[in-house]
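Colleague: Hi! Could you walk me through this model when you have a minute? I'd like to go through it bit by bit.

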Amino acid sequence: MKESQPEAVYLKDYQSPHFLIEKTQLSFDLFEDYTEVRAQLTIVRSASADQNSPLVLDGQDVKLMSLAIDGEALPSDAYLVDENSLKIFDVPQRFELSCITQIKPQENTSLQGLYRSRTMYCTQCEAEGFRKITYFIDRPDVMSEFTTRISAEKSKFPVLLSNGNKIDAGEDGERHWVVWHDPFKKPSYLFALVAGSLVHIDDTFTTVSGREVLLRIFVEEKDKDKCDHAMQSLKRAMAWDEEVYGREYDLDIFMIVAVDDFNMGAMENKGLNIFNTSCVLAKQETTTDAGFQRVEGVVAHEYFHNWSGNRVTCRDWFQLSLKEGFTVFRDAEFSADMGSRTVKRVEDVSLLRSLQFAEDAGPMAHPVQPSSFIEISNFYTLTVYEKGAEVVRMIHTLLGSELFRKGSDLYFERHDGEAVTIEDFVKAMADVSGADFSQFMHWYRQAGTPKLQIDGEYQAEAKTFSLHVKQSCAPTAECEHKQPFLIPMQVSLHGEAGALKLQLRGETANAETKDNTQRVLEINQAQQSFVFENIAEQPIPALFKGFSAPINYQYRYSLEELAHLVMHDDDGFCRWDACQQMSLRVIDSVMQQMGTTPSPEVPAVFLEVLSSLLESTSQDPAMVALMLSLPSEQFIGEQKSLIDVDAIHHARNRVKRKLAQSMFDVLMPRYQTLSAPQVYQPSAQQIAQRSLKNTALQYLIFSGREEGFALARAQYENADNMTDQLAALTAIVHSPKSGKQEQRDETLTDFYRRWRSEPLVMNNWLAVQASCALPGALKRVKLLMQHEAYDARNPNKIRAVVGTFCTQNIVNFHDKSGAGYEFLRDQIIILNKQNPQVAARLLTPLTRWKRYDDVRKNLMRDALRAIQAQPNLSKDVYEVVMKSLL
């Protein structure tokens with residue numbers, strides 16, 4: 001018999017729920033072999049629903065023990081149970097449903113619903129995990145008031161937590177129980193439960209109205225000294241949200257729990273956030289600067305969800321970016337205010353252009369508001385999150401800060417306690433501004449990255465400079481012919497003496513304008529021209545300042561013009577982008593020379609620019625580090641119609657080696673200056689200094705000179721923080737210098753000996769080796785998977801080894817033997833049964849098979865077909881494989 005294939009769900013088919021659940025009372029009895037869940041639901045039929053329709057509840061992997069309506073047990077012929085639902089045929093208009101189920105959290109390897117993470121019980125219910133706990137209408141537009149009672153053996157599980165405020169507790173022999181009540185209605189995806197042996201740190205926050213809120217972070221005993229940064233980040237986020245958005249916290253307590261086995265980064269469950277340990281634990285000795293910044297950003301993100309996601313939530317999962325895109329924008333602005341706004345912007349754009357643009361160009365491309373899905377977990381994507389945030393940022397750019405704040409105020413006021421749509425959010429912005437967002441909505445409904453061809457035309461006699469713009473967007477599954485996007489382009493024009501005053505043809509000059517040297521142009525047609533008047537010299541345009549829209553553009557800059565922008569533009573993004581464009585030009589030139597020139601030359605203007613940046617003491621060191629960093633192999637590949645893995649790898653390495661050798665005498669003194677001892681702080685200033693120091697170290701060791709290797713060894717031995725030690729370890733392990741294998745092995749062994757008891761540090765140790773591009777990588781990866789530091793059931797470990805090798809070790813994963821593809825195929829087949837969500841996300845490298853040469857293309861397609869042929873393929877994996885093979 002042929003297996004039935006999963007069916008797609010469509011936005012156009014949305015119907016409001018036939019039933020609502022006004023109140024939900026849950027009782028959990030946790031035992032070693034099973035958990036009993038008693039649910040009492042107050043259910044009412046929707047006025048708009050068919051008055052004779054049956055009640056259909058979602059449920060998976062749950063064992064029904066009993067069922068009653070208004071206290072009357074239901075006979076077996078009154079309902080029907082299948083593997084995904086419980087249907088009760090005849091129900092009143094309003095009633096109490098009592099349901100007892102049993103589940104086995106200890107066998108739940110999907111990490112969805114209620115599961116065991118070592119000695120702890122915890123939950124992950126977004127998007128559809130609650131149905132693995134009990135039968136329920138598991139959709140975001142069914143919001144209910146939850147009361148939760150938890151009972152467990154006190155000696156093993158002294159801490160029992162759920163959403164809301166604690167209202168009762170007691171003991172019963174060796175067991176104890178706690179009752180939690182959340183007065184705010186919420187959908188089931190925001191439900192949370194934790195039971196374990198945990199310790200906590202406490203603090204308080206006084207809200208703008210004078211209420212004192214208890215803040216509590218729960219961790220294992222060994223991690224208690226790693227919570228302070230998360231706590232301080234939480235307090236800063238609470239204060240920022242009050243100041244910038246006027247949002248005050250609403251419960252008496254806010255809790256965070258750190259969990260090692262977790263599919264995501266963190267989850268915003270109302271009042272009880274559950275975090276991957278990597279997003280909450282931070283300490284100088286064990287956490288890098290990037291780790292400190294990630295903790296601050298994720299803590300803020302999940303806290304901000306209290307309003308943009310919890311108090312106002314999604315009507316359905318097609319609206320996921322309503323909460324995620326808006327909240328990513330909010331957390332990015334928070335992080336920018338806490339550190340360097342420019343550096344944060346460049347980091348975000350780098351992620352977007354390297355990974356999200358690739359997603360837009362791949363088989364899983366989808367709009368920010370998808371029109372269909374088979375498995376919603378596959379749509380927790382960079383498109384929904386990061387591109388969604390860029391779409392919100394464009395609204396902010398078009399309206400300005402003041403109107404955007406009025407729009408967000410109206411949105412929260414109008415929809416507090418409701419499940420709404422992206423259209424509702426945009427309507428609030430339209431209502432306060434009077435702006436017409438009808439064309440702008442293409443950003444939500446059309447997939448793909450717009451491409452702009454921009455040409456400049458200077459007329460000396462007329463003293464005009466014109467920008468001629470053509471926009472296009474490649475066909476994607478949901479739409480072949482795209483309507484023009486409304487694209488805000490922030491521009492300035494450079495003359496010999498600096499930025500030129502801007503006056504568009506047809507406009508009168510405004511002497512009262514404070515800054516008339518830059519402005520936002522609205523591109524809203526397929527072809528469009530903008531003419532600037534009174535331009536007395538040939539200008540150099542700075543385009544899309546601040547990355548004002550998530551697009552790709554082409555403009556025919558010379559290397560000298562790009563160099564001018566790097567050194568003189570007032571926008572950090574434009575300076576970095578110009579440097580990236582120079583790097584791409586140089587690497588592309590070397591690729592073309594390979595095979596004909598043993599040692600390709602690097603243009604003098606490029607060397608001069610980078611040397612000037614290094615020598616300057618007035619530049620932000622973090623920005624210098626970013627501008628010195630060459631584009632990744634993955635990003636370079638995405639610029640090509642056909643990805644030549646080997647040519648990109650070798651050309652990039654040649655350019656890096658040439659830069660390292662040519663700038664050695666500039667890099668060395670800068671490295672030494674930045675290595676002056678100081679008391680460690682995860683401050684923006686120190687983080688910037690360490691980032692440049694360690695970028696310089698990478699170049700110094702890549703030069704092949706013995707001094708570079710010696711510096712890395714010394715930094716490794718003397719480092720008093722994980723940032724410097726891990727950077728030195730990475731430089732040593734990744735060094736292409738021959739004859740150093742013994743030193744590499746010794747350093748890796750020493751690092752493991754020092755940090756073997758720290759799981760998060762071990763993730764870094766594993767990833768450093770999995771990403772090493774030296775020959776023999778796959779063999780090393782397979783050995784790592786047999787190492788005691790590796791846990792094949794832990795998502796963090798899987799990502800550190802399998803994920804890192806397949807996405808960051810490009811040249812080895814794509815070895816022409818196809819061994820890398822076979823390796824990933826085998827891992828996906830295993831994970832499909834164990835953890836489908838992780839399996840589907842690891843599949844991404846194989847989905848790009850059409851972009852490679854025929855040999856690799858056929859091998860990657862064969863791997864996908866082998867996965868497709870597996871019996872009982874999960875919806876997660878099926879959807880990705882099916883769309884990739886179309």
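Colleague: What should I know before we start?

Modeller: This is a predicted model, where local features need pLDDT of at least 70 and side-chain atom pairs count only at pLDDT 80 or more, while totals for chains, interfaces and linings use all residues. Residues are numbered from 1 along each chain as its sequence is written, and side-chain values use heavy atoms, with hydrogens and water left out.

Colleague: Cavities, then. How many of 30 Å³ or more does the structure hold?

Modeller: Five. A cavity here is a set of points, on a 1 Å grid over the protein atoms alone, where a 1.4 Å probe fits but cannot get out. Grid points are joined across faces, edges and corners, and the volume is the space filled by probe spheres set on the points.

Colleague: How much space lies in the largest cavity?

Modeller: About 110 Å³.

Colleague: And which residues lie nearest its centre?

Modeller: Arg-118, Lys-222, Asp-223, Asp-260 and Thr-277, out of 14 residues that line the largest cavity. Lining residues have an atom within 4 Å of a point. Strand 19 (253-259) and helix 20 (759-770) each supply at least two residues of that lining. Helices (H or I, at least four residues) and strands (E, at least two) are DSSP runs, numbered from the N terminus.

Colleague: What classes of residue make up the lining of the largest cavity?

Modeller: Six nonpolar, two polar and six charged. Ala, Val, Leu, Ile, Met, Phe, Trp, Tyr, Cys and Pro count as nonpolar, Asp, Glu, Lys and Arg as charged, and the others, Gly among them, as polar.

Colleague: New topic: at what angle do helix 3 and helix 5 pack?

Modeller: Helix 3 (residues 320-338) and helix 5 (residues 382-399) pack at about 70 degrees, and their axes are 7 Å apart. The axes are lines fitted to C-alpha atoms over the stretch in contact, and angles run from 0 to 180 degrees between N-to-C directions. Helix 3 and helix 5 are therefore roughly perpendicular, a label for angles of 65 to 115 degrees.

Colleague: Which residues make that contact between helix 3 and helix 5?

Modeller: On helix 3 they include Leu-320, Phe-326, Val-328 and Phe-329, and on helix 5 they include Val-384, Tyr-385, Val-392 and His-396. Contact means heavy atoms within 4.5 Å. The residues of this contact divide into nine nonpolar, four polar and four charged.

Colleague: What about helix 9 and helix 11: how do their axes cross?

Modeller: At roughly 5 degrees, with the axes of helix 9 (residues 559-568) and helix 11 (residues 604-615) coming within 10 Å. That makes the two helices roughly parallel, the term for angles under 35 degrees. Leu-559, Glu-560, Ala-563, Val-566 and Met-567 of helix 9 meet Val-605, Val-609, Ser-612 and Leu-613 of helix 11. By class, that contact has seven nonpolar residues, one polar and one charged.

Colleague: On to single residues. Is Ile-587 buried or exposed?

Modeller: Buried, at a relative accessible area of 0%. Buried means under 20% relative accessible area, with a 1.4 Å probe and protein chains only. Ile-587 sits in helix 10 (residues 572-593).

Colleague: What is Ile-587 in contact with?

Modeller: Leaving aside neighbours within four places in sequence, Ile-587 is in contact with Pro-631, Ile-636, Ala-651, Arg-652 and Val-655. The C-alpha atoms of Ile-587 and Asn-653 are separated by 9.2 Å, and these residues are 66 residues apart along the chain.

Colleague: And where is Tyr-716?

Modeller: In helix 17 (residues 706-718). Tyr-716 is buried, with a relative accessible area of 0%. Not counting residues up to four places away in sequence, Tyr-716 touches several residues, among them Gln-725, Leu-729, Phe-751 and Arg-754.

Colleague: Last one, the backbone. Which peptide bond is cis, with omega near 5 degrees?

Modeller: The one from Glu-126 to Ala-127. Ala-127 lies in the loop between strand 11 (120-124) and strand 12 (143-153).

Colleague: What is phi for Leu-111?

Modeller: Phi of Leu-111 is positive, about 60 degrees, although Leu-111 is not a glycine. Leu-111 is in the loop between strand 9 (94-103) and strand 10 (113-117), and counts as buried at 5% relative accessibility. Phe-544 also has a positive phi, near 55 degrees, and is buried with a relative accessible area of 1%.

Key. On a 1 Å grid over the protein atoms alone, a cavity is a set of points where a 1.4 Å probe fits but cannot get out, and a pocket is an open set with protein on both sides within 12 Å along at least five of seven lines; lining residues have an atom within 4 Å of a point. Angles under 35 degrees count as roughly parallel, over 145 as roughly antiparallel, 65 to 115 as roughly perpendicular and the rest as oblique. Buried means under 20% relative accessible area, exposed over 50%, partly exposed in between (1.4 Å probe, protein chains only).
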